[in-house]
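Work through the exercises below with the model open. Try each task before you read its solution.

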Amino acid sequence: TLTFIQLPKSSGNDPVVTRRNKLVARLQQQRSLAEDPNFVIKTQKWIPDESGVKHLQDRQKRVKPWWRTDTTGAIVLTVRYGARPIEFQKGKSAIAVGTKDKLLHVIDTVITAVTTGELDTQLEQVSKAVEFKKRRSA
């Protein structure tokens with residue numbers, strides 16, 4: 001009396017959506033850092049004590065800014081995926097912001113572009129370069 005079917009694939013493992021969500025989370029951290037220079041991320045880490053028993057401890061992780069000031073005094077924003085900057089056009093991996101008060105608007109614009117899928121090809125290129133190769137066992 002039971003009807004058996006093949007298990008459908010999970011939609012939560014889509015690599016495109018995963019890359020978008022990861023980048024949006026990092027951009028929101030950059031936005032928070034632009035609003036508050038003392039912004040830190042709270043993480044948790046298992047640390048053993050003297051007797052070897054592990055305890056979960058809260059840690060603070062500093063967020064490094066993705067923007068810097070160039071020689072003319074203008075703000076330049078680089079968007080990173082992992083440790084690598086995303087190249088938007090051939091040889092161009094930075095966004096000219098201008099002044100510091102425009103930084104939040106530019107970050108919001110990039111977040112919108114990522115969520116709508118405008119940067120999917122750039123994310124795919126960077127993620128292929130970031131992929132680790134499996135080690136061969138000796």
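**Exercise 1. The open sheet**

Task: In what order do the 3 strands of the open sheet lie? Which strands stand at the edges?

Solution: 
- Step 1. The 3 strands run in the order S3-S4-S7, and their pairing is antiparallel. Strands here are DSSP E runs of at least two residues, helices are H or I runs of at least four, and both are numbered from the N terminus. Two strands pair if DSSP finds at least two bridges between them.
- Step 2. Strand S3 (67-69) and strand S7 (95-98) are at the edges. Each has a single partner strand, so one side of each has no neighbour in the sheet.
- Step 3. From one strand to the next, the twist averages 30°. Angles run from 0 to 180 degrees between N-to-C directions, and axes are lines fitted to C-alpha atoms, for helices over the stretch in contact.
- Step 4. Strand S4 (residues 75-77) pairs with S7 over 3 bridges, in the antiparallel sense. Isoleucine 75 has glycine 98 in S7 as its bridge partner.

This is a predicted model: local features need pLDDT of at least 70, side-chain atom pairs count only at pLDDT 80 or more, and totals for chains, interfaces and linings use all residues. Residues are numbered from 1 along each chain as its sequence is written, and side-chain values use heavy atoms, with hydrogens and water left out.

**Exercise 2. The hairpin**

Task: Over how many bridges do S1 and S2 pair? Which residue of the hairpin takes a positive phi?

Solution: 
- Step 1. Strand S1 (residues 40-48) and strand S2 (residues 54-62) pair over 9 bridges, in the antiparallel sense.
- Step 2. Check two positions across the pair. Lysine 42 stands opposite glutamine 60 in S2. Isoleucine 47 stands opposite histidine 55 in S2.
- Step 3. Go to the turn. There are 5 residues between the strands, and glycine 52 has a positive phi near 95°.

**Exercise 3. Helix H1 and its partner**

Task: What should the 21 residues of helix H1 span? At what angle do the axes of H1 and helix H2 cross?

Solution: 
- Step 1. The expected span is 1.5 Å times one less than the number of residues. For the 21 residues of H1 (residues 15-35) that gives 30 Å, and the end C-alpha atoms are 30 Å apart, which agrees.
- Step 2. The axes of H1 and helix H2 (residues 103-116) come within 10 Å and cross at roughly 170°. That makes H1 roughly antiparallel to H2. The cut-offs are under 35 degrees for roughly parallel, over 145 for roughly antiparallel and 65 to 115 for roughly perpendicular, with the rest oblique.
- Step 3. List the contact (heavy atoms within 4.5 Å). H1 brings residues including Leu23, Val24 and Leu27, and H2 brings residues including Leu104, Ile107 and Ile111.
- Step 4. Sort by class. The contact of H1 with H2 has 10 nonpolar, 3 polar and 4 charged residues. Ala, Val, Leu, Ile, Met, Phe, Trp, Tyr, Cys and Pro count as nonpolar, Asp, Glu, Lys and Arg as charged, and the others, Gly among them, as polar.

**Exercise 4. Two glutamines and a valine**

Task: Is glutamine 30 buried or exposed? What does valine 63 contact?

Solution: 
- Step 1. Glutamine 30 is in helix H1. Its relative accessibility is 2%, so it counts as buried. Buried means under 20% relative accessible area, exposed over 50%, and partly exposed in between (1.4 Å probe, protein chains only).
- Step 2. Glutamine 29, also placed in helix H1, is buried at 17%.
- Step 3. Set aside residues up to four places away in sequence. Glutamine 30 then touches Val63, Lys64, Pro65, Trp66, Trp67 and Ile107. With its neighbours within four places left out, glutamine 29 is in contact with Phe39, Ile41 and Val63.
- Step 4. Valine 63 lies in the loop between S2 and S3 and is buried at 8%. Leaving aside neighbours within four places, valine 63 contacts Gln29, Gln30, Leu33, Phe39 and Ile41.

**Exercise 5. Helix H3**

Task: Is glutamine 125 buried or exposed? Which residues does aspartate 120 touch?

Solution: 
- Step 1. Glutamine 125 lies in helix H3 (residues 120-130). Glutamine 125 is exposed, at 57%.
- Step 2. Aspartate 120 is found in helix H3 and is buried at 19%.
- Step 3. Not counting residues up to four places away in sequence, aspartate 120 touches Val16 and Arg20.
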